[in-house]
Amino acid sequence: MTSVVSRPADAAPASPAQLLAPAARAAWTPAGLVGDTPVLWVGEPFTAPGHGFWAKLEGLNPGGIKDRPALHMVRAARERGELRPGARIVESTSGTLGLGLALAGVTYGHPVTVVTDPEIEPPMTGLLAAHGAEVVVVDAPHPVGGWQQARREKVAELLAVHPGAWCPDQYGNPDNVAAYRPLALELIAQLGRIDALVVSVGTGGHSAGVAGVLREYFPALRVVGVDTTGSTIFGQPALPRLMRGLGSSIHPRNVAYPLFDEVHWVAAPEAVWAARALAASRCAGGGWSVGAVALVARWLAAVTAPDTRIAAVFPDGPQRYLGTVFDDGYCRAHGLLGHRPPEHPDEIAHPGERTVTRWTRCRTVLDPLAAACAQQPAADRPQAAR
C-alpha cells in the first residue's frame with residue numbers, strides 16, 4: 001500500500017520542480033482573468049448544523065460578476081458592427097458593471113463613460129476613475145423612476161453629444177443574459193448536480209442567464225429569486241432603497257419571470273446582518289446582494305434535506321462596502337445594526353397583497369407589466385413591449 005504524507009499548506013515545496021504545479025493561469029489581457037471562479041461551502045456556524053450551501057464567488061473576478069456581461073456585450077456589439085473601433089461606450093450603473101466596462105474598454109480600446117448617482121460608494125468612483133472610466137453623476141432622481149431613470153436619461157443626453165457612441169443597455173440587452181452561460185456551466189462542472197439556485201435580481205441578466213442554462217440540465221431545479229424591499233421588479237411598489245446592486249425602480253426586460261419558483265424580498269438591516277455574519281464565520285462574502293442571497297440560501301438549506309445541493313451566486317466581494325455595510329458609523333446612522341432576522345420569512349400569497357418592509361417570501365411570481373397589460377382593454381394595450 002502506498003502511503004500519502006501531507007504537508008501544511010504554507011510549507012515550502014520539497015523540490016523546486018514542485019513550484020511548477022499547480023500553476024496559476026496566465027493572461028495576456030485583463031479579460032483573461034474573468035471566469036473560472038471557485039465555489040465555497042458555507043456551513044455552520046452560519047447555517048444550521050448538518051446543512052449548508054455552495055457559494056459561487058464572483059467577487060474574485062477583477063471587478064465582480066458583471067465583468068462577464070460587460071466583455072460579452074462589447075465583444076458581440078463589435079462583431080455585429082454596432083460598436084465601431086475606438087467608439088465611446090456610455091452606460092448607467094450603480095458601480096459593478098462600470099468596472100466591467102472599464103475592463104472591456106481597456107481590452108478592446110474604447111473610452112468609457114459611466115453614469116451613476118450620489119449614492120454610489122466613494123471607493124467605487126475612485127476605482128472607476130483609476131481604471132480609466134469617465135464618471136458622470138446625476139444630481140436629482142427622476143420623480144417616478146428614481147435614480148435609475150435619471151441615469152438612463154443622462155445616458156441618452158450623452159449619446160447625443162458623442163456621435164458614434166454606443167450604450168450596452170444592460171436592462172434589455174439579450175447579450176447580458178447570454179454572457180452567463182459559462183458561469184452556469186462552471187457550476188455544473190464544479191458541483192455535478194444542482195437542486196436549487198438562489199440568485200439576486202437587478203437587471204435580470206445573471207438570474208436569467210444562469211437559471212436558464214441550469215434548467216436545461218436539471219428540469220426540476222428550484223429557482224429562488226432575491227430582491228430588495230422597495231423594488232418594483234416583482235410587483236411591489238417603488239420606494240426609496242438603500243441597497244444597491246439588486247432591485248430596481250424600473251422594470252428590466254431581461255428578468256425571466258417564468259424561471260422563478262419563488263421570490264424573497266430582503267430589507268437592508270437583514271442583509272447587513274447576514275453579510276457581517278458570513279464574513280465573520282467564513283472570511284468570505286460581499287455587500288448588499290451577497291448578504292441578501294446568503295440569508296435566503298441559509299434558510300433554504302435549513303428547510304430542505306441535508307443532501308439538497310444548493311448553489312448561491314455571490315455577485316461581488318466586500319471591498320467596496322467597507323464604508324457602508326461593514327462600517328459601524330454608517331450602519332448606526334441608518335438604523336441597520338442589531339436586527340438579527342427571524343429564522344423564517346413572512347409569506348404573502350400574491351405580490352400585490354401588501355407592501356413588504358422585512359424579509360418576505362412569495363410563491364406567486366408574475367411579470368408586473370404583463371399583469372397590468374392584461375387588465376387593460378384590448379384596444380389600449382401596447383402592440384409590443386420590450
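Which residues of strand β3 point one way, and which point the other way? Select β3 (residues 89–92) and look: I89 and E91 go to one side, V90 and S92 go the other way, and all are buried. Buried here means under 20% relative accessible area, exposed means over 50%, and partly exposed lies in between, with a 1.4 Å probe and protein chains only.

Before you go on, a few ground rules. This is a predicted model, numbered from 1 along each chain as its sequence is written. Local features need pLDDT of at least 70, side-chain atom pairs count only at pLDDT 80 or more, totals for chains, interfaces and linings use all residues, and side-chain values use heavy atoms, with hydrogens and water left out.

**The whole chain**

Zoom out and colour by secondary structure. You have 11 helices and 11 strands; these are DSSP runs numbered from the N terminus, helices being H or I with at least four residues and strands E with at least two. Of the 386 residues, 51% count as buried. Take contacts (heavy atoms within 4.5 Å) between residues at least 6 apart in sequence: 69% of them join residues at least 24 apart.

Together they make an open sheet in the order β3-β4-β5, with parallel pairing. The twist averages 20° from one strand to the next. To see two of the pairings, pick I89, which stands opposite V112 in β4, then T113, whose bridge partner in β5 is E134.

Now show helix α4 (residues 146–161). This helix packs on the sheet, touching β3, β4 and β5, and its direction makes about 165° with that of β3. Axes are lines fitted to C-alpha atoms, for helices over the stretch in contact, and angles run from 0 to 180 degrees between N-to-C directions.

**A pair of helices**

Next, select α2 (residues 96–108) and α3 (residues 122–130). Their axes come within 9 Å and cross at roughly 10°. That makes α2 roughly parallel to α3, the word used for angles under 35 degrees. Show side chains where they meet: T96, G98 and L99 in α2 touch M124, L127 and L128 in α3. The contact has four nonpolar residues, two polar and no charged. In this count Ala, Val, Leu, Ile, Met, Phe, Trp, Tyr, Cys and Pro are nonpolar, Asp, Glu, Lys and Arg are charged, and the others, Gly among them, are polar.

**The eight-stranded sheet**

Move on to the open sheet of eight strands, ordered β1-β2-β9-β6-β7-β8-β11-β10, with mixed pairing. The edge strands are β1 and β10 (346–348), each pairing on one side only. The twist averages 25° from one strand to the next. At the β1 end, β1 and β2 pair in the antiparallel sense over four bridges; click L40 and its partner A55 in β2.

Then bring in α6 (residues 181–191). This helix lies across β1, β2 and β9, running at about 135° to β2. Its buried residues are L183, A184, E186, L187, I188 and L191. Their cover includes β1, β2, α1 (67–80), α7 (205–217) and β9.

**The cores**

Show F53, V198, V226, V266, W288 and F314: these have the most contacts inside the largest nonpolar core, which has 39 residues. A nonpolar core is a set of buried Ala, Val, Leu, Ile, Met, Phe, Trp, Tyr and Cys residues joined through side-chain atoms within 4.5 Å. The largest share, 11 residues, comes from α9. A second, separate core of 32 residues includes L197, V210, I233 and V263.

In the loop between β1 (39–42) and β2 (53–57) you'll find P45, joined to E44 by a cis peptide bond with omega about 15°. D36, in the segment before β1, has a positive phi near 55° without being a glycine, and is exposed at 57% relative accessible area. C283, in the loop between α8 (268–282) and α9 (288–303), has a positive phi of about 55° and isn't a glycine; its relative accessible area is 75%, which makes C283 exposed.

How values were computed: Parallel < 35°, antiparallel > 145°, perpendicular 65-115°, else oblique. Pairing = 2+ DSSP bridges.
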